[in-house]
Amino acid sequence: MTDLFHAANRADREAARQLLPRLNSGQTITRRHLNDAMVTAYGGSDAEGRWTQRESFEVLEHALALHIRASDRALNSFNDVRPIIDLATRLPTQTVRSEDQIEWQQFSTPVDIGAVAVLLANVQPDDVILEPSAGNGLLVAHLGAHRALHLNELDPVRRGRLADVFPDSNVTGHDGATLNSSLSNAERPTLIVMNPPFSRSLGRGVDDYAAVRHLQAALRRLRPGGRLVAIMPDWFGPSARMRDQYETVLRDVTVRTAIRLEKCYLKHGTSIAVRLFVIDKLPGKTPPAIIQRSSVTELLEALRIHERAPARADLPAPIPKRSSGVSMFRAVKSSRPEPRPYHAPARNDVLPVDYAKLDTPAPLLDQTGVYLPYRPSRIVFDKAGEHPTALVESVAMGSIPAPIPDYVPRLPERTVAERLLSASQLETVVYAGHAWSQTIPGRFKPNKEGVGLTLAEDGDAYRKGFFLGDGTGAGKGRQIAACILDNWLQGRRRNIWVTKNAPLLEDARRDWTALGGLSGDIQPISNWKIDEPIKLDQGVLLVTYPTLRSLRGDHSRLKQITDWAGADYQGVIAFDEAHEMGGVAGGEGALGAKEGSQQGICGVLLQNYLPSARVLYASATGASDINNLAYAVRLGLWGPETAFADREQFISSIRKGGIAAMELVARDLKATGLYMARALSFAGVEYDILKHELTPAQIEIYDTYADAWEILWRAAHKIAYREEAVMRRSAA
């Protein structure tokens, strides 16, 4: 087999070299010339199975790369592109695609577009250049003088050709979407030119956002101040559908040039339009107007080459500042580590998050008012830092220690080492995993009517959930992202993030990318119509509560989501702002009894239909009202082995007990490891009281409002008010 493989390689190179004389002399190459070269090199025709038409086009691209590299024609201006446009017109059209080409999205860059991209890149002699999906090398074939070249290509056959054309380059075979971690030990590039796969990813198969994943990975890999020139699919632009993702990806960079080209891939067998971006890794500016043309020839007069900014070396992360004294609003460890220089690790391996268990709960710190400084009561992390702002919890909650957990999360090394998550936030990941390793007592089936669960011997075991009750500033979004990331790295690549409204998509992506994820991993359900299946092999599906209750004819978003998840779904369902489901239980309102809200009902049904899901509730008002726990069916607050037979009995009993009973519920949940609630400390906060004296006119306005509300209140409570209202009007 090895001999046959090398023989095929030799034939491949021989066929390419037979085409070089025609390319060097400026002659046209037809399909006949190409076939003759293949027959001679392979010793037979394609009809005999010696080679395929697709292989002949690969050989043609290899010959083009050799021809361009061997020529001494330098690219100094866009006028130098015109001979290359003429070269492209003398080539045969690629009309055959192989299964491998489709599988790996091997659509090479036309030579004329490659020349334009290199000119826009403005290559400098000291550049370290990376091409993440190099193919046969046509995009980088026009490169001028540079210091180092790194070519990455998944296909081993194409990698062999790259080594033939670029003998002095470093050639690797990693997934282009993971280069930031795969090449962590290599020198970071100052220039990246790329033409990523548009709709397929390694491990994901069909992936509509593959190009975005590759672009984000490249931007992270690029050195600050460096330049990236990318050929992207036509849909990657500021359209209504892609605006959020487009702006998120390009948020912290400067787009120098944005181009849309039509009919520029005709010689490669497709009529798709593409976009070309010139991006500098500098603080973002308003993107320029899009230059749109139908051919490379028309484009040349509209372009200009932007000056390069100096590339900057990476700066080490600053040493976290620690105050010299002990604050009553900040947790302290038994021994304070000595300050030491911090160096970013070269690797970013997925490692267990180490922590020590405390058989005796950590001692309480000094109480101030009704608050205690927060500290993890049962675990101490080896490397995690304190929260950026001191956290506190109520005295009632702080007096109850959490149980000793057994779960050990697995997260990227830098997530802990660079303190992207504080100790308090890592504690959430630990206890969420601890809760998800348990099941609610009994086996259940969803009720055919209503939102309850019915005990059934042949039913399913329901996984317990976890409630994150942190207040503003504790980083609930970052903690949700960390819990999903922990599961993502353990192979559970389908997750659901339910949030309040669509604009929070960018917040979710911000928290996810801060921990090392890609923006394209989080996709809103609005990308798919309600009557079509969700085409997302793996990723985080972002759903809003109003969308969750959507119906259209026989189709519903709820069914669409559960069909995508599958009956054996074990990923995370994160209910951010979970109190949005608080109306599930109905109850007494100002106008009498009211039914449960559809929003809350659909949220509970989603939990009921996916018994193995890892449910995470996040709300700062979990213990403020009983309705804010009525949707939390995974906490085991009612049912077998509890004091309450069902949800209705639980709600009725706790409601009678008022806020004191709610506090007891919260304490019990923390004691079983299912709940935690921290808030920002107000230590050191200063404030002034500003008093506004109402004018007589303002007082009169408020009195009128109060009188009007009194009349409406009487009407709502069926109190006769007609006569009184008439008397008031007459007096006026």
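N122 is buried, with a relative accessible area of 18%, where buried denotes under 20% relative accessible area, exposed over 50% and partly exposed the range in between (1.4 Å probe, protein chains only). The model is predicted, so that local features need pLDDT of at least 70 and side-chain atom pairs count only at pLDDT 80 or more, whereas totals for chains, interfaces and linings use all residues. Residues are numbered from 1 along each chain as its sequence is written, and side-chain values use heavy atoms, with hydrogens and water left out.

N122 belongs to the loop between α6 (111-121) and β1 (128-131); helices (H or I, at least four residues) and strands (E, at least two) are DSSP runs numbered from the N terminus. The phi angle of N122 is near 55°, a positive value in a residue other than glycine. Most residues other than glycine have a negative phi. A positive phi, of about 65°, also occurs at E641, which is not a glycine. E641 is located in the loop between β28 (614-618) and α20 (647-671). With a relative accessibility of 74%, E641 counts as exposed, whereas N122 is buried.

For the chain as a whole, the secondary structure comprises 22 helices and 30 strands. Of the 732 residues in the chain, 50% are buried. Contacts are defined by heavy atoms within 4.5 Å. Of the contacts between residues at least 6 apart in sequence, 71% join residues at least 24 apart.

With a disulfide taken as a pair of cysteine sulfur atoms within 2.5 Å, the count is zero. A disulfide is a covalent bond between the sulfur atoms of two cysteines. Among the residues of the chain, C483 is buried at a relative accessible area of 1%, and C602 also counts as buried, at 8% relative accessibility.

Strand β22 (residues 539-544) has six of its six residues buried, and is therefore largely enclosed by the rest of the structure. Strand pairing requires at least two bridges found by DSSP between the two strands. Strand β20 (residues 494-499) runs parallel to β22 and is joined to it by six bridges. In this pairing, W497 has L542 of β22 as its bridge partner. Strand β21 (residues 522-524) is likewise parallel to β22, with three bridges between them. Here the bridge partner of I522 is V540 in β22.

A separate description applies to an open sheet of three strands, which has the order β13-β15-β30 and antiparallel pairing. The edges of this sheet are formed by β13 (371-373) and β30 (679-680); each has a single partner strand, so one side of each lacks a neighbour in the sheet. Two bridges pair β15 (residues 391-394) with β30 in the antiparallel sense. Within this pair, L391 is placed opposite L680 of β30.

In helix α7 (residues 156-165), the buried residues include R158, R161, L162 and V165. These residues span an arc of only 105° around the axis, which places them on the same side of α7; the arc is that of the directions from the helix axis to the C-beta atoms. An α-helix has 3.6 residues a turn, so residues three or four places apart point the same way. At the start of α7, a side-chain oxygen of D155 comes to within 3.3 Å of the backbone nitrogen of V157.

L162 is also one of the residues touched by V171, together with L151, R159 and A163, when residues up to four places away in sequence are not counted. V171 is part of strand β3 (residues 170-172) and, at 25% relative accessibility, counts as partly exposed. The C-alpha atoms of V171 and A134 are separated by 9.3 Å, the two residues being 37 residues apart along the chain.

N195 lies in the loop between β4 (191-194) and β5 (200-201). N195 is buried, with a relative accessible area of 9%. The side chains of N195 and T109 form a polar contact at 2.9 Å. A polar contact is a pair of N or O atoms within 3.5 Å; within protein, one must be able to donate a hydrogen and the other to accept it, and residues adjacent in sequence count only if both atoms are side-chain atoms.
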